[in-house]
Amino acid sequence: VWQVRARALEAIASSDDPAVRKAYARALSDSVRHVRRVALRAGIDHPGLLPVDLLSNLVVTDTDWENRVEAAMALGASKEPAAYAGLDAAVADSNEFVRTTAARERRELERAGIPR
């Protein structure tokens, strides 16, 4: 049941156990958008929890525009140079909220001095 998966993710987000990162990486490909969103929000609150390459893929491929917004925010929170690739791609998204968020997060990375 997706609600159980979502609650379990919320419960383990602050753990330092390496298995938690694997669980969150798997959650990014969950079939239910709500579970993916819980994982994405945890990535915003806990930078480094989610792999930047998976976020960069999700920011352009997720079928839910709200998840693409969350993915852009998680990329920005990562403070990783690799986040630019996903944000650059998301600036061309068909949804205005995704485009705006991606542009904002890209500017924030630049202001923070994160090199490209």
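How close do the axes of helix α1 and helix α3 come, and at what angle do they cross?

## Two helices side by side

This is a predicted model. In this model, the axes of helix α1 (residues 2-12) and helix α3 (residues 33-45) come within 9 Å. They cross at roughly 5°. Angles under 35 degrees count as roughly parallel, and α1 and α3 are therefore roughly parallel to each other. Two numbers tell the story here: packed helices in general are described by the angle between their axes and the distance between the axes.

Which residues of α1 and α3 make the contact? From α1 come Trp2, Arg5, Ala6, Leu9 and Glu10. From α3 come His34, Val35, Val38 and Ala39. Six residues of this contact are nonpolar, one is polar and two are charged.

## The whole chain

Now step back to the fold. The chain has seven helices and zero strands. Its pattern along the sequence reads α-α-α-α-α-α-α.

Take the contacts between residues at least 6 apart in sequence: 61% of them join residues at least 24 apart.

## Size and surface

The C-alpha trace spans about 35 × 30 × 15 Å along its principal axes. The radius of gyration of the chain is 13 Å. A compact globule with 116 residues would have a value near 13 Å, so the chain agrees with that expectation.

How much of the chain is buried? Buried residues make up 45% of the 116 residues. The chain exposes about 6,200 Å².

How values were computed. Residues are numbered from 1 along each chain as its sequence is written. This is a predicted model: local features need pLDDT of at least 70, side-chain atom pairs count only at pLDDT 80 or more; totals for chains, interfaces and linings use all residues. Side-chain values use heavy atoms; hydrogens and water are left out. Axes are lines fitted to C-alpha atoms, for helices over the stretch in contact, and angles run from 0 to 180 degrees between N-to-C directions. Helices (H or I, at least four residues) and strands (E, at least two) are DSSP runs, numbered from the N terminus. Angles under 35 degrees count as roughly parallel, over 145 as roughly antiparallel, 65 to 115 as roughly perpendicular and the rest as oblique. Contact means heavy atoms within 4.5 Å. Ala, Val, Leu, Ile, Met, Phe, Trp, Tyr, Cys and Pro count as nonpolar, Asp, Glu, Lys and Arg as charged, and the others, Gly among them, as polar. The radius of gyration is taken over C-alpha atoms; the globule rule is 2.2 Å times the number of residues to the power 0.38. Buried means under 20% relative accessible area, exposed over 50%, partly exposed in between (1.4 Å probe, protein chains only). Accessible areas come from the Shrake-Rupley method with a 1.4 Å probe; for residues, only the protein chains shown count as cover.
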